[in-house]
Amino acid sequence: MSVDTVIFSGEGPHADPWHPLAETSAAIANLVGDAGQVAIVTTVDHLAAALDGARLLVVNASADRTAPIPEDEKFGRVLDDFLAGGGSLLAQHSATIAFPQLATWRSTVGAAWDHGRTFHPPIGPSLIRRTDVAHPITAGLADFEVHDERYTDLELIDGVDVETLYVHDEGGATHPLVWARTAGSSRIVYDALGHDARSYESPGHVELLRRITAWLRHES
């Protein structure tokens, strides 16, 4: 029986020492679907089969490396096929570090961690501000607080148009944290929040994620 949502939870070369991905993937699974309708996959080899019949792929992964490996290209092919079939994507937090130098991933998400430039202030209570962009995800929502990392100075990919929904302020500048875009019939969201389970205890972040997944599933 196929599932509705597949979470790719990074392990090995798709993880790092700083992010508790198994913990956060479990938290995401509890928020985005009913029991039996969400599958957590930890290897690229099993991803294509798991996605058969699914509507939504959540990527909760990272990388403790800057060079690509052959598995990255395999992931890219699976992702391209899934999106070509109308599937939707939610890239979560450290996903901008994952699959380094994979062009199809960078252009799909719209940003990447730039080693040497991108950073985050110390993790802690943070104010996340809603922009004035009108979008079904954020209609009626407001600013919120969360205990989290705030990614700052991500490398934004030229030529990728996004609708920035939430931002934060750091170093006298405003930085995008959550955005949405469409590619053909696919819908794509990047949510830079979600370092550890505390992020998913924020009522504001929880409601935002529920809105995001409803939009990605074409329910709103």
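Visitor: Which residue of β2 is the bridge partner of Val6?

Guide: The partner is Ala39. Please bear in mind throughout that this is a predicted model.

Visitor: What makes β1 and β2 a pair?

Guide: Two strands pair if at least two bridges are found between them. Strand β1 (residues 5–9) and β2 have four bridges, so by that definition they pair, and the sense is parallel.

Visitor: How do you know that β6 pairs with β9?

Guide: The requirement is at least two bridges, and β6 and β9 are joined by two, in the antiparallel sense. Arg130 has Tyr166 of β9 as its bridge partner.

Visitor: Why are β2 and β7 called edge strands?

Guide: The order of the open sheet of nine strands is β2-β1-β3-β4-β11-β10-β9-β6-β7, and its pairing is mixed. β2 (38–41) and β7 (144–148) each pair on one side only, and are therefore its edge strands. Direction ignored, neighbouring strands are turned by 25 degrees against each other on average.

Visitor: Which helices lie on these strands?

Guide: Helix α1 (residues 21–32) lies across β1, β2, β3 and β4, at about 170 degrees to β1. Helix α5 packs on the sheet, and its contacts include β3, β4 and β11. The direction of α5 makes about 165 degrees with that of β11.

Visitor: Why is Asn60 called buried?

Guide: Buried means under 20% relative accessible area. Asn60 has 1%, and is therefore buried. This residue belongs to strand β3. Leaving aside neighbours within four places in sequence, its contacts include Ile7, Phe8, Leu21, Ile28 and Gln92.

Visitor: Is Arg217 buried or exposed?

Guide: Arg217 has 10% relative accessibility; the limit is under 20%, so this residue counts as buried. Arg217 is located in the segment after α5 (203–216). Its side chain reaches the backbone oxygen of Val32 at 2.2 Å. Not counting residues up to four places away in sequence, Arg217 touches Asp4, Thr5, Val32, Gly33, Arg55 and Leu56.

Visitor: What span is expected for helix α3, and what does the model give?

Guide: Helix α3 (residues 70–84) has 15 residues, for which 21 Å is expected at 1.5 Å a residue. From first C-alpha to last, α3 reaches 22 Å, close to that expectation.

Visitor: How do you know that the buried residues of α3 line one face?

Guide: The buried residues are Asp72, Phe75, Gly76, Val78, Leu79, Phe82 and Leu83. Seen down the axis of α3, they fall within an arc of 170 degrees, so they line one face of the helix. In general, an α-helix has 3.6 residues a turn, so residues three or four places apart point the same way. The face turned away from the buried side of α3 carries the exposed residues Pro70, Asp81 and Ala84.

Visitor: What covers the buried residues of α3?

Guide: The covering elements include α2 (47–51), β3 (56–60), β4 (88–92), α4 (103–109) and β11 (186–191).

How values were computed: Residues numbered from 1 in each chain as written. Predicted model: local features only at pLDDT ≥ 70, side-chain atom pairs only at ≥ 80, totals over all residues. Heavy atoms only, no water. Buried < 20%, exposed > 50% of the residue type's maximum accessible area, 1.4 Å probe, protein only. Polar contact = N/O pair within 3.5 Å; in protein donor to acceptor, adjacent residues only side chain to side chain. Contact = heavy atoms within 4.5 Å. Expected span 1.5 Å × (residues − 1). Arc of directions from axis to C-beta. Axes fitted to C-alpha atoms, helices over the stretch in contact; angles between N-to-C directions.
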